[in-house]
Each structure stands twice: as structure tokens, then as C-alpha cells.
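Welcome! Take a moment to look over the sequence and the model below, and then we can walk through a few parts of the fold together.

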Amino acid sequence: METQTVMQQSEQGTPLQSLLATAVAERPNELAIRSQERSVTYAQLDRLVGQVAAGMLALEVETGDRVAWLLPNSLEAVLVTLACYRIGAVAVPLNYRYVSDDVLEICERVDSSLIVFQGDRLHLVKSLLAARPSMPAIAVGLDSFEAPKGVKTFESLLAAGEMTTAATVAETDPALILFTSGSTGHPKGVTHSHASAFLSIDTSRKVFDFTANDVVLVGKPISHAGGLQTQLFPALTVGARVILDMRPEPADAVRTIVTEGVTEYGLLASDLLDFIEYLEANPTELPTLTNCIGSGDAVPADLHHRFRDLFGWEVMEGAGMTEIAGYYAMNPRFGQRKWGSLGLPTPGTEIRVVRADGEDCDVGETGEILLRTPAPILGYWNDETATAELFRGGWLHTGDLGRLDDDGYVWFVGRKKLIIVRRGSNIAPPEVENVLDEYPLVHATVVVGLKDPRDGQVPVACVALLHEQDETTEVQLRAYASEHLAQYKNPVHYLYVDELPRTSTGKYDRHAVQEIVAERFAGVTN
């Protein structure tokens, strides 16, 4: 892995620790965030971050400690993350759709020193609190009489004073762990340093041309890189106004854009379809909106054209991954765009496309996309083997297959991995298969992705049973899956077979299952 580029550290700390500094100095009384009918100015936001940081220190959270949070898009999630950076702790956002097993497993793996969670997720945190009774826990939205023994309210964090000076940390110290599913189904903790986390923020600031005049509607979960690193924080670095929502319904998004004068809206490619369909059925003038980003999966060409017909300008699209916490390629906002391509490499990003033997592909030849950035991640948390596999020969191996054209544009061809991408969320088939295979009536399962016009892909389980199927089998199997898997990972369809197809080497033939599923559910939508 290449040595990280070390940026200059200011009196306020690393660039990541001081990402609010410019806005606080130049626009202290301007609105920073509006969330759930609450609004804070930049001066108020900075003060609240200092108070939460002091509260964490009072709970004996130290530099390098991991702080997990299970929160929706909210002011509290922003405060906890920025407070972690200020004291030199490591923020660990948890997917708000996790089940209790996910929460326990990840917090145990990172050895979290604190968890901050939304009150309505208490049932998901109980097993963690039982396993780690000495770990402090903070609940948002619960009064003191509602909080279980040992759980403090979020307001208690604000009573310990204010931390105004950032802790001294190195640019190469860890700052953020984002969990992403690998092809094995075992979530990997992508560990960002202060340098790599800030680099992704600054790259997004450049490619989206954020300014202090922008009003940014964050419509993607900030527990993921797409919402946190490519929308929320780039907007805050320049003093823009942020409207923080959690994947709003199209009607709500349109209403917000009109009433707030939103200039930039980022959403998942699958949600973009709903947004466009709503506007086609309910024509509404949105004169302030000048930029829109579809991410999480490819935006189909038809959707590009429908968007242009509505707005007269193109939706932005690029390619990114959690391992760089942002985009590695993006079509220019202004200038030549190529329909269907991922665009050009983002500022500072080097891209190669290589054959299986590691040699560079010719122009137009398909190979694996490799990346190199000025500040790479530290690796996967406590997983040296996976880190070594990710970084080979000084380059990050994406697992994406693509090609370069004569102009340097990147074209996506497919994925080497087994990942199913559903509305921007990764689903690892082995994880779903492992759960279903534990059910007493199941002999074996193969899970594959089925194309869906709204979700991009949906998981379908091809199941061989130990006994003959009856009318209650699927009901019971669905209920079992729902108990052990986050909702978005649950198979949409089940297909029962006497025997799963195998390859010549005796392995289950996923390609054959894919063809069976595609034929059986052709034309069926989620």
C-alpha cells in the first residue's frame, strides 16, 4: 500500500477535525443543518460538537477508541461523528436496518467503547448491552425514566462542558470505520484515516462544485459513505445549508425542494426512478434545483433521457466504493459527457484496467479496474488477509470489470464479486444462504440477484428441501429469514427445486441458477 499523503495540520487539528472551521469563521450565524424540524447555525453546530466531545471524554472515551452509533439521518448522528473526530476517537456508523445480531457482532469486533442509538432501536441493542454491561450507552429520544438501567440520555452528553481544542492526532490515525459486505458475507470494516476520510470529502466538494450558496438535500443514509462523505460533509466544509432527511418519499422531496430552495439533491439510482415517475405524473417547477446525483447503482440510459426531458440538463452519475468512501470516476458536471460511461477519474485518482495476469489492458479491452489515490485507507479492521488481497502491487483492486476508451472514460462491464446491489445496499449471497441453510427443512440454498426496475436487483433464493414442500413451508421460511436478516436482505422470491445444479467440479452452479431464476421470474417485478 502506498504511503499516505500527510496534509498540513492546523491549530484546529487535522483537516478532518477542522472541517467546520471555515464556515464557523465566515458564516457563524448562517443555517448549517435543518433536520426533523430542528435547525442549527454553524456557530451552534460547532458548540454542540464541543459539548458532545466533552461528554464523551467524561465517559472515558479516549483517542483511538471506537464509538458506534445506530441512528437515522439526524443532527445527533452528525454531532457524534464530528465529536469523535475532535477527540481523536473512531466513528463507527451502523446501518439503521441492521438486526440485533449485526449490531452485537460488529460492536464486539471493533471493541466499541460507547454506543449511541435511537430509542426505537432499543430492542436491537439489548443483546449488546447484556454482553457488554460495562460499556456506556446513550439513547436518543428516550426520557431518563424510559431508559433502561445503565443507559443515559443524549442530553446528558451536553452537560459536561465544551471541548474547544481538538486532540492531537496524526493524519494516518484511524477516524472512521464503514462496514461493507464482502463476497463471503462477512462484513468488512473499511478503516479510514483522517487523511483518507478528508480526501473523499474534498474530492466530492470538487466534482460537485459545492459552494456556500448551495442548499443540499441529503436523501441518502449518512451511515454509508454516499450520504456522509459525498453529500453531508462536503456541503458543511463550504458553509452550505444542509437539509437532512432519510430517503424521503418523492412527494416529500419535491415539497422540500420547493420550500427550501434546494439546489443539489443526491439520492440512490433506484430512488431516482420513483422521483422521476412522480414528477412525470405530477409536473412541478423546480427552478432552484441545478444538480442531482444518482448513485448506488447504474442509472439506466432510459432514466437519463427521462430526467433530461424533465429538467433540460443531465443527472450526474459516477462510480464509487466504501473503500475510498467516495467516487473514483464521475461524468463532468460541465463539459463532455458520455451516456452509459462511469465518466473520468476523479481529481487525484489514478485508474488502470488490467488482465488476469496483471498486465494493462488495451484501450477498449475489458479487465479489472484498479485504483490509486493520494491517501488510501488503512485497510480492513483487524483483517490483514483481506487487506493484502485488496491492495496488491500498490493498487486497490475494486473487483469491478470495465474498460477505458480513447478519451480516458471508464465503462462499467460487470462485477467479479457475487454481490447483489439492492437500492444501493450490498447483499452478499453467502450471508443469506448461511441463514436459510440453518432452517431445519432446508437442504441447501443458492441465492442470486434478479434484475428489478425499482430496486436494481433483488435477492432470490433457489432452495432444495429435505422434505416435500407444503403450503406452510414458504411462510415459515420467510418468517425465519426475517428474524435473522435485515429486511432488505430477505429474498423477494423463493424457487423450490429437487436438486440444485452443480458444475463439473461438484460446486453449485450459480450461473445455471441465475438462468433458471431469470427465466422463471421474467417480467415479474418486486
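Which residues does M56 touch, not counting residues up to four places away in sequence? With contact meaning heavy atoms within 4.5 Å, M56 touches V61, V67, V80, A83, C84, I87, L114 and L157.

Before going on, please note that this is a predicted model, in which local features need pLDDT of at least 70 and side-chain atom pairs count only at pLDDT 80 or more, while totals for chains, interfaces and linings use all residues. Residues are numbered from 1 along each chain as its sequence is written, and side-chain values use heavy atoms, with hydrogens and water left out.

**The cores**

M56 is also one of the residues with the most contacts inside the largest nonpolar core, along with I33, L45, F233 and L236. That core has 67 residues, where a nonpolar core is a set of buried Ala, Val, Leu, Ile, Met, Phe, Trp, Tyr and Cys residues joined through side-chain atoms within 4.5 Å. Buried means under 20% relative accessible area, with a 1.4 Å probe and protein chains only. Helix α3 (residues 75–87) gives this core its largest share, ten residues; helices here are DSSP runs of H or I with at least four residues, and strands are runs of E with at least two, numbered from the N terminus. A second, separate core of 26 residues includes V110, L129, A137 and L142. In soluble globular proteins, nonpolar side chains tend to be buried together.

**Two helices and their spans**

The expected span is 1.5 Å times one less than the number of residues in the helix.

| Helix | Number of residues | End-to-end C-alpha distance | Expected span |
|---|---|---|---|
| α10 (residues 269–281) | 13 residues | 19 Å | 18 Å |

In α2, the buried residues include Y42, L45, L48 and M56. Just after α2, E60 takes a positive phi of about 70 degrees. In α10, L272, L273, F275, I276 and L279 are among the buried residues, and their cover includes α9 (250–260), β12 (264–268), β13 (291–295) and α11 (301–311).

**A helix pair**

The contact between α4 (residues 100–110) and α5 (residues 122–131) is made by S100, V103, L104 and C107 of α4 and H123, L124, S127, L128 and A131 of α5.

**A buried threonine**

Finally, T473 lies in helix α14 (residues 473–484). T473 counts as buried because its relative accessible area is 3%. T473 touches L465 and Y496, leaving aside residues up to four places away in sequence.

Notes. Buried < 20%, exposed > 50% of the residue type's maximum accessible area, 1.4 Å probe, protein only. Axes fitted to C-alpha atoms, helices over the stretch in contact; angles between N-to-C directions.
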